[in-house]
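Me: Can you walk me through this fold? I'd like the overall layout and then the core.

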Amino acid sequence: MTKTLGRDGLSLTTATKEENTTMSRPTLQIIIASTRPGRRGTAVAAWIRGLAADHRGFEVEVVDLASVGLPILDEPRHPRLQQYTQPHTKAWSATVDRADAFLFVTPEYNHSFPAALKNALDYLFLEWGDKPVGLVSYGGVSAGLRSVAALKPVLAALRMVPALEAVSIPDLGARIDEDDVFCSDARLDAAAKAMLDEVARLAGALASLRPRT
C-alpha cells in the first residue's frame, strides 16, 4: 500500500500493489519542507511520489511538515538520549524511525533551506542515522542548489547519506499549470529515476548498520 500523510491534495490517499512484494521493500518518506501558504512543493511532491510508486522499489509515504506542525524545538534534553517529553516529539520520532530512506522536497530561501526542515531535523538524531536521502530542490534560475549546499553539512552531522544523484528544478513557476500540477520533462524524469535507483541501492546497503527493535 502506498500511504500519504499531509494536505493540499496529498492527504489520506492510498494506492494498491501486489502483496507478494510488500514485505521486501524499504519505506521511503517524501518530506515536503516548505510550510508557507501558497507553496508549490506539494505539486513537486505529487510528481515525485508518482515516480517513486512506479519505481516499485519502495513503500512510499508523503510527510508534509505543514501538517506535522512541529513547534520550534522544545525538548529539554539532547535528542541523542531519546528522552522525549512532548507528545509531538514522540509522534515525530515514530514517523521518522519507521522510514528506511527519504526524499526531501525543498525550495531555496535566502541561499538556504526552510527553517521548518531544520527544526524537524533538529528534533531527532538516532532516527535519521545511517539512512539515505535523495534531494529534490526547486527554485528560479538556481534551481534551489544553494539550499542543497546548505543542507548537506546538516545531513552529515546526522549521519545521513545523501545520494549523489539529485533532482534540481529551475524556473518552477513556469512548470506549474493552472490546476497546480507540476509539468515535468524527460530530463527531470531521467534524473529522478537515477536518484531513486541510487536511494534504493543505498537503502539496501545501509540497512545492516541500523539496529532494529
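**Layout and core**

Reply: Along the sequence, the protein chain runs β-β-β-α-β-α-α-β-α-β-α-β-β-α. Helices (H or I, at least four residues) and strands (E, at least two) are DSSP runs, numbered from the N terminus. It's a predicted model, where local features need pLDDT of at least 70, side-chain atom pairs count only at pLDDT 80 or more, and totals for chains, interfaces and linings use all residues. Residues are numbered from 1 along each chain as its sequence is written, and side-chain values use heavy atoms, with hydrogens and water left out.

Me: How many helices and strands does the protein chain have?

Reply: There are 6 helices and 8 strands.

Me: And what share of the residues is buried?

Reply: 47% of the 213 residues in the protein chain. Buried means under 20% relative accessible area (1.4 Å probe, protein chains only).

Me: Which residues have the most contacts inside the largest nonpolar core?

Reply: Ile 30, Val 44, Trp 47, Ile 48, Ile 169 and Phe 182, in a core of 31 residues. A nonpolar core is a set of buried Ala, Val, Leu, Ile, Met, Phe, Trp, Tyr and Cys residues joined through side-chain atoms within 4.5 Å.

Me: Which element supplies the largest share of this core?

Reply: Helix 6, with 8 residues.

Me: What does Ile 169 touch?

Reply: Leaving out residues up to four places away in sequence, its contacts (heavy atoms within 4.5 Å) include Val 44, Trp 47, Val 136, Phe 182 and Leu 188.

Me: What's in the second core?

Reply: That separate core has 27 residues, among them Val 96, Leu 124, Trp 128 and Leu 151.

Definitions and conventions
Buried < 20%, exposed > 50% of the residue type's maximum accessible area, 1.4 Å probe, protein only.
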